[in-house]
Amino acid sequence: MSGRRIGGFGPFLVSAALAGGTAHAATTFTPRLLSGNAAQPAGLATGDLDGDGDTDVLVAEYTGNTVAWYQNSGSTPPVWTKRTVDPFASGPITVAAGDVDGDDDVDVFAANFNNEGIAFYENHGGTPPTWTKQVISGFWVGAWGVAAGDLDGDGDLDGIGGLTNTKCGPPLPCVGVEWYDNDGRSPPGFTARPISPGLVGASSVAAADVDGDGDRDVLAVDTGNDRVFWYENDGAHPPGWTQLLVTDDVDDPWSVSTADLDRDGDLDVLTASAEDDRVAWFENGGGPRPSWTMRTLASHRDGAIAVTAADLDGDGDPDVVAGSWNDSTFVWYESDGGTPPAFIEHVIALCGGPEGIAAARIDSDADVDLLCAGNPAFRVDYFENDANYLDADGDGVRDGLDCAPSNPAGFAVPAEVRGFGFPSKSSLIWGTAAARSGTGATYDLTRGGAAVACLSDGGATTTGTDGDIPPPGALFSYLVRAANVCGTGTYGFATSGAERTSAACP
C-alpha cells in the first residue's frame, strides 16, 4: 500500500489489441486533441453547460487552480473553446455536473483538494454562462471525490463529498464522506450531513441504488486503508446510513463506479486500484444486503486509477473503460454479454497518466465517445468512436435497436424496472425505465395476479397508490412492467439473458 505513484508517459498513439488471444475486428477510436495546455487535468465530467444542445466537457485543472469547461462548437468533429467556471479554485481534483437548482441548466460541483473542500457553482445561463460559487463543506478541509444525486428523494440533486480531512480533529470532524442536503430553493442552500461514521480517504464517491429499494445509496473507496464501502440509505428524511463493505481485497483503490454488467437487474461495482494494478468488478448478489463476488478484468495495468462503464460497441450490454497512471494506458474491455460476462481488453491509447476519464455522446452520431485527462501530460483528449451507427431520428439509439427509427420518442433498449419499495403504507414506488424505453413509457402495475393500474411516466420516478393495501401479515406479490410508445414492454431478463416481453399496457 502506498500513495499515488507518478510514472512517465510514452508517445501518444492509438491501437487496438486483443489481450491474450487472437486479434479481431472491434470498435476503434480516432484521437482528437481537446486541449494541449490543461494544467494537470485531474477530473472530468460532461454536460450541456451552455444549453445549446451539444455536450461540453468540464475539467478540474489541479495546478492551474481552475475549474474549466470546454465549449463544444457542435460541428463534426467539434471545435473546442476553453472557458472557466472558477479561475481561483484551490487545487480542483474532481468535478460533477447536473441541474441542481431545477432551472433547466447544468450546475457544477467541484472537490478542491487544497483545503477548500466542496464547492457548488450555480449556472446563471447566458452565452457563455456566468457562475456563482458557494463553498458547501467545512473550511480548511480538503476534498478528493465529488458526485451528485438525489439522496433524500425530494426531487432535487444533493452533493456528495469525499474529504481528505488533513486537519481532522477538534473542532473539525473526522468524517471522510458526507452529503450536502439541497433545500430546493433558488439559489439553493446546503446542509452538510455525515455519511461515513469515521475517517474514510474517499478519492472517489458515487451515488446508486445498490440494494434496489428505490433510494440512492453511496459508494466510496477508502484509498489509504484498502477498502471499498457502500453506504445503505435507510430512506428516512434525512436518511440515515449504514457502512457496509464491498471488499477489502484491493490495494490503493482510487476509483469506484457502478453498472449492471451482467444485466440481472441489480447494479454491480467497478474499481480501479493502483498498487495491485487491478481493474475489477464486483458482482452484486442481489437482495437488501447483497454479497459481492470479485471478478478481475486485469491485474497488469500499472497504477490503475480510473474506471467507468458504457456501451461502446452498441450491442446493448455495458463495456468497461479504464485508465492506469504509471503505464499511461487507456483501455476498454468489451463485454460478450454472457452470464456472467467475459471481457476482451482493447488498448485505445497512451494517454499520459489518465486520471480522469468519461464516456459520453460528444458528436452528432449515436455512439458513445471517450474522454481522457492526462494529468502529467497537461492534455485532454477526445476519442471519437468510429462505430458510426445509423440514427435516423437522432434520439441517441442506433436504428438496429430502435423500434421506431423515425420517431425520436419511441425506442426500446432492454431495461429493468428496478427500485421497487414502499415509502409509506399506502404508496408504491419504483425506479424509472423511461430513460431507455422512450419518453412515452408507461408502467403496468400488477398485484396478486390482477392488474390494478397503468401509470404514465415522464421520466421521473413514478408513485402509484393502491387503495387495497394488504393487512398486516398478508402476503401479496407485486410486479411492474415498463412499456413504451412502440407497444412492447419488459419484465426484465430471463435466465437465458433474453428480454421477457409482452404486449403494451392498455
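Both faces of strand E4 are covered in this predicted model, with Thr66, Ala68, Tyr70 and Asn72 on one side and Val67, Trp69 and Gln71 on the other all buried, where buried denotes under 20% relative accessible area, exposed over 50% and partly exposed the range in between (1.4 Å probe, protein chains only). In a regular strand the side chains alternate between the two faces of the sheet. Strand E4 spans residues 66-72, and seven of its seven residues are buried; helices (H or I, at least four residues) and strands (E, at least two) are DSSP runs numbered from the N terminus. Residues are numbered from 1 along each chain as its sequence is written. Because the model is predicted, local features need pLDDT of at least 70 and side-chain atom pairs count only at pLDDT 80 or more, while totals for chains, interfaces and linings use all residues, and side-chain values use heavy atoms, with hydrogens and water left out.

Strand E4 pairs in the antiparallel sense with strand E3 (residues 56-61) over five bridges, pairing being assigned if DSSP finds at least two bridges between two strands. E3 and E4 form a hairpin with four residues between them, and asparagine 65 in the turn has a positive phi of about 50°. Strand E5 (residues 80-86) runs antiparallel to E4 and is joined to it by six bridges. Alanine 68 of E4 is the bridge partner of valine 59 and is also partnered by threonine 84 in E5.

A search of the whole structure finds one disulfide, defined as a pair of cysteine sulfur atoms within 2.5 Å. The sulfur atoms of cysteine 351 and cysteine 372 lie 1.9 Å apart, and the link is left-handed, with -135° about the S-S bond.
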